[in-house]
Amino acid sequence: MTDIPTASAACLWRPIARFVAIEARVGAWALARGPLVAGVYEFLRFGIKQGWACLFGGLLCALLIGSYLFYPAQATLSRYDMLTLSAVMIQVVLLALRMETWEEAKVIALFHVVGTVMEIFKTAVGSWIYPEVSLFRIAGVPLFTGFMYASIGSYIARVWRLFDFRFTHHPGTGATLLLATAIYLNFFTHHYVTDIRLGLFAATALLFGRTWVYFKVWRVHRRMPLLLGFLLVALFIWLAENIGTGTRVWLYPNQVSTWAMVSWPKLGSWYLLMIVSCVLVSLVNKPEVYRHGEIERGNYKQ
């Protein structure tokens, strides 16, 4: 760990920049009360930063639940079209209020394209269905589905910046791009030829097995194995997928008549998709090497 003074993350968004001094006083108060209080304060900061990073995905998830519970079944505008327009509006508002950067918006756009292409293929082969009608769709796939993939890219891009990610033993761009391409293609080709998923898991372990991610919650960089980070995020996405199918936004074949929990093997799919997601984000946020004792630059990354 490295203990270095840093500027507040509140500086990233002008409307809350006035609270920088208050944040500093609260942090100093917690630090003066000893390691237990400081630890609780750091844990709360971790939760707040994670919530901020999940902003796009959290709002989409709230829309899925809210539309399932309250949206009129006979409304002129279909539920799916309402979700599409709402997702676009969220994107516009986040950019207008500078709660999201244009760099993050580029990542979201890339994920939207990658996700929509996969959705078109997967629904065509019957992997899952969208049971409701809509106007804004491509080949039977509602356009809001691309935003669900984009929310993953948004989260990774935001959490990368908010926690000032640094790495040790991060593989090179050429190797990670090759792995990500193989993973993405296997999502399509396994319907026709041998599924090489186990080999892809092995390749992932080989490439990232020695990689540690260093992330700053407060005053110091903490660390964890990057593979563990992939797994934790994949688990939360799997839980969100259960919410999506529970609200009948999309359904797997075994859920059409009666809802059932999304199968555990889908967690492996999300794990592999996390690799693709991180590689795509790394094209925008270049992985920086962690060096013990390095003084942070004055770019307000805390």
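Contact here means heavy atoms within 4.5 Å, and helices (H or I, at least four residues) and strands (E, at least two) are DSSP runs numbered from the N terminus. This is a predicted model, in which local features need pLDDT of at least 70 and side-chain atom pairs count only at pLDDT 80 or more, while totals for chains, interfaces and linings use all residues. Residues are numbered from 1 along each chain as its sequence is written, and side-chain values use heavy atoms, with hydrogens and water left out.

**Exercise 1.** Find which residues of α5 meet α7, and how the axes cross.

*Solution.* Start with the residues: V114, V117, M118, F121 and K122 in α5 meet Y184, F187 and F188 in α7. Next, take the axes (lines fitted to C-alpha atoms, for helices over the stretch in contact, with angles from 0 to 180 degrees between N-to-C directions). Those of α5 (residues 102-124) and α7 (residues 173-189) come within 10 Å and cross at roughly 20°. Therefore α5 is roughly parallel to α7, a label for angles under 35 degrees.

**Exercise 2.** Work out the strand order of the open sheet and its edges.

*Solution.* Two strands pair if DSSP finds at least two bridges between them. The 3 strands run in the order β3-β4-β5, with antiparallel pairing. The edges are β3 (166-168) and β5 (221-225), each pairing on one side only. Now look at β4 and β5, which pair over 5 bridges; Y214 stands opposite R223 in β5.

Methods
Parallel < 35°, antiparallel > 145°, perpendicular 65-115°, else oblique.
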